[in-house]
Amino acid sequence: MKQKAEGTVTSYKYHTYTSGYIHHCSIQNLEYNTKYYYMVGIGHTTRTFWFVTPPPVGPNVPYTFGLIGDLGQTYDSNMTLTHYEMNPTKGQTVLFVGDLSYADKYPNYDNNRWDTWGRFVERSNTYQPWIWTAGNHDVDFAPEISEPEPFKPYTHRYYPVPYKVSGSSSPLICGTQSRELLHISSFYQHTPQLVRKRISNIEYKLINGKCTPLNNPSAPVYITVGDGGNIEGLTTQMTEPQPNYSAYRESSFGHAIMDIKNRTHACYSWHRNKDGFSAKADSFLFFNRYFHPVDESY
């Protein structure tokens with residue numbers, strides 16, 4: 001190893017659980033588009049991994065994100081991660097949109113589930129960046145067992161995300177400034193429904209009945225990604241009758257890909273576990289509203 005970086009060590013207690021040593025280390029001054037090998041451990045316990053840094057920043061530089069949420073650690077979770085790994089449109093970084101271990105679904109918020117989840121996703125996140133946000137299942141707020149600190153396990157384990165770079169004041173919200181992608185947590189649990197146009201809704205919830213979605217070509221696009229394999233299973237209830245702004249809806253486990261082509265075009269695709277590795281259950285082409293202001297509705 002040619003370079004060394006010194007990190008920090010922490011641990012925490014939760015109810016009757018005591019974590020092992022948790023290491024955080026920031027690496028700086030890396031070159032663009034370079035494969036780095038790194039070693040973790042000491043003596044005979046060292047392990048070697050690698051990752052590739054992003055290409056130089058530029059208006060037409062392509063980059064591909066994987067989008068995963070509500071993963072958990074079930075049979076379907078393993079299918080989702082496998083499908084992402086085998087997807088021929090290779091993701092370079094995962095934007096994880098919340099709900100990691102689902103420890104809150106076990107007695108006394110069993111924090112051993114955070115350990116097993118970490119070992120589960122290690123096969124991917126040791127070889128490419130995963131940028132995290134927390135979801136409602138990561139709050140772990142349990143005053144009934146004398147655990148009144150929200151996000152205690154999450155912040156001890158996954159707090160060092162690059163949220164400050166995007167101007168955010170919280171690790172629960174971060175973005176990539178150059179691409180205008182906002183990465184938010186999954187605190188709401190409405191069923192994802194495909195909307196084939198940009199709309200505005202000042203009442204926050206799309207289906208709360210307080211207002212009607214309005215067509216607005218300048219409105220941001222919100223993509224809800226869930227059902228990576230959570231222990232709760234697929235949703236079985238949807239709004240009936242189907243709203244007229246909903247073009248299509250279904251329940252499926254899977255992952256998404258956001259493939260940024262250049263300054264004007266990006267392709268979003270949804271990949272279901274029940275399909276082949278290269279199959280796209282749905283896809284949508286996005287256009288930059290400044291550099292390519294065309295009508296995206298159809």
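**View 1. An open sheet of six strands, in the order β9-β8-β7-β14-β15-β16, with mixed pairing.** The edges belong to β9 (130-132) and β16 (282-287), each of which pairs on one side only. From one strand to the next, the twist averages 20 degrees. As a reminder, strands of a sheet pair through backbone hydrogen bonds, either parallel or antiparallel. Everything shown here comes from a predicted model.

**View 2. Zooming out to the protein that holds the sheet.** The count comes to three helices and 16 strands. Of the 298 residues, 40% are buried. Take the contacts with a separation of 6 or more: 59% of them link residues 24 or more positions apart. The protein exposes about 17,200 Å², and carbon and sulfur atoms supply 54% of that area.

**View 3. The antiparallel pair β14 and β15.** Strand β14 covers residues 254-260 and strand β15 covers residues 265-272, and seven bridges hold the pairing. To get your bearings, find alanine 256: its bridge partner in β15 is tryptophan 270.

**View 4. The parallel pair β7 and β8.** Here β7 (63-68) is joined to β8 (93-96) by four bridges. One handy landmark is leucine 67, whose bridge partner in β8 is leucine 95. In a regular strand the side chains alternate between the two faces of the sheet. Strand β8 is covered on both faces: Thr93 and Leu95 sit on one side, Val94 and Phe96 on the other, and all are buried.

**View 5. Helix α1 lying across the sheet.** Residues 75-86 make up this helix, and the strands it lies across are β7, β8, β9, β14 and β15. Relative to β14, α1 runs at about 30 degrees. Helix α2 (residues 112-125) packs on the sheet too, touching β8 and β9. The direction of α2 makes about 135 degrees with that of β9.

**View 6. A closer look at α2 and its bend at arginine 119.** The helix bends there by about 30 degrees. What about its length? At 1.5 Å a residue, the 14 residues of α2 should span 20 Å, and the end C-alpha atoms are 19 Å apart, which agrees. An α-helix has 3.6 residues a turn, so residues three or four places apart point the same way. The buried residues of α2 are Trp114, Trp117, Phe120, Val121 and Ser124. They pack against α1, β8, β9 and α3.

**View 7. Glutamine 92, in the loop between α1 and β8.** This residue counts as partly exposed because its relative accessibility is 33%. Beyond its neighbours within four places in sequence, glutamine 92 is in contact with Tyr63, Thr64, Tyr84, Gln128 and Pro129. Phenylalanine 51 is 41 residues away along the chain, yet its C-alpha atom is separated from that of glutamine 92 by 9.5 Å.

**View 8. Lysine 152, a residue of helix α3.** The helix takes in residues 152-158. Is this lysine 152 buried or exposed? Lysine 152 is buried, because its relative accessible area is 14% and the cut-off for buried is under 20%. Its contacts, leaving aside neighbours within four places in sequence, are Tyr12, Lys13, Tyr14, Val139 and Glu147.

Notes
Residues numbered from 1 in each chain as written. Predicted model: local features only at pLDDT ≥ 70, side-chain atom pairs only at ≥ 80, totals over all residues. Heavy atoms only, no water. Helix = DSSP H or I, 4+ residues; strand = E, 2+ residues; numbered from the N terminus. Buried < 20%, exposed > 50% of the residue type's maximum accessible area, 1.4 Å probe, protein only. Contact = heavy atoms within 4.5 Å. Areas by Shrake-Rupley, 256 points an atom, 1.4 Å probe, with all protein chains shown as cover. Pairing = 2+ DSSP bridges. Axes fitted to C-alpha atoms, helices over the stretch in contact; angles between N-to-C directions. Expected span 1.5 Å × (residues − 1). Bend = angle between axes of the 7 residues up to and from the residue.
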